[in-house]
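Have a look at the fold before reading on.

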Amino acid sequence: KAKIILFHIFHTPIPHEETPIFVPTSEKLQKEKEKLLQKKVEKIRKKATVQISYLTRMGMAAEEIIEEEKNADMIIMGMKNVGKLSEYILGSITTTILRKATIPVIVVPVGVKFKVPRKIAFACDYNPGTNYETIESLNELINTFKSKLLVINIKNTKELITVEEAKAGLRLEKKLSDVEHFYHYSENDDL
């Protein structure tokens, strides 16, 4: 049975002005964050009968999430709308997690409400090094929600399919044999 761990990382605010301001202690911030998470847990428990716990600590978000992933089977996280300049200078926590995580990650944009997915899109380049564990996780999602899978492949119009890509496509087809799926191929010069 599924278990949810709400995980919140915070850092001590750093004043950007010369005017002195009150900065709460890390212990006080910890208690405030725990109260907020407790309220979220109570709200979720009213709607769902799933086991929920929470964890909050001070640190750098991406590093803490990657460290904590050893206690999870999947990461589900939100993504705030940040500007290109902010993402370039600071980096994106979500982008870092997507690059470093060794377990499946689902990213939910701000303001999007959950609904059961009837169709799931899977972008695939038929890379021979495809991580087939990802496809197994995808199969579990499809079977759980009774979804259909749309496999999307975009290829540069000037490139021919290699033997290795064709073999990878056959391996993918075998991995997807137990789920309803469709393919969409598109050619484009601007990849």
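Two residues are in contact when they have heavy atoms within 4.5 Å of each other. Keep in mind that this is a predicted model. With that in hand, take the contacts in the protein chain between residues at least 6 apart in sequence: 75% of them join residues at least 24 apart.

As for the layout, the protein chain has six helices and seven strands, and reading along the sequence gives β-α-β-α-β-α-α-β-β-α-β-α-β. Of its 191 residues, 25% are buried. The chain exposes about 14,800 Å², with carbon and sulfur atoms supplying 57% of that.

Now zoom in on helix H2, residues 61-68, where the buried residues are Ala61, Ala62, Glu64, Ile65 and Glu68. Seen down the axis of H2, these buried residues fall within an arc of 165°, so they line one face of the helix. An α-helix has 3.6 residues a turn, so residues three or four places apart point the same way. And what covers the buried residues of H2? The cover includes these elements:

| Element | Residues |
|---|---|
| strand E1 | 3-10 |
| strand E2 | 51-58 |
| strand E3 | 75-79 |
| helix H4 | 93-100 |

Another spot to check out is Asn153, which sits in strand E6 (residues 148-155). Is Asn153 buried or exposed? Its relative accessibility is 7%, so Asn153 counts as buried, the cut-off being under 20%. The Asn153 side chain reaches the backbone oxygen of Cys124 at 2.7 Å. Leaving aside neighbours within four places in sequence, Asn153 is in contact with Cys124, Asp125, Tyr126, His184, Tyr185 and Ser186.

Key:
Residues numbered from 1 in each chain as written. Predicted model: local features only at pLDDT ≥ 70, side-chain atom pairs only at ≥ 80, totals over all residues. Heavy atoms only, no water. Helix = DSSP H or I, 4+ residues; strand = E, 2+ residues; numbered from the N terminus. Buried < 20%, exposed > 50% of the residue type's maximum accessible area, 1.4 Å probe, protein only. Areas by Shrake-Rupley, 256 points an atom, 1.4 Å probe, with all protein chains shown as cover. Arc of directions from axis to C-beta. Polar contact = N/O pair within 3.5 Å; in protein donor to acceptor, adjacent residues only side chain to side chain.
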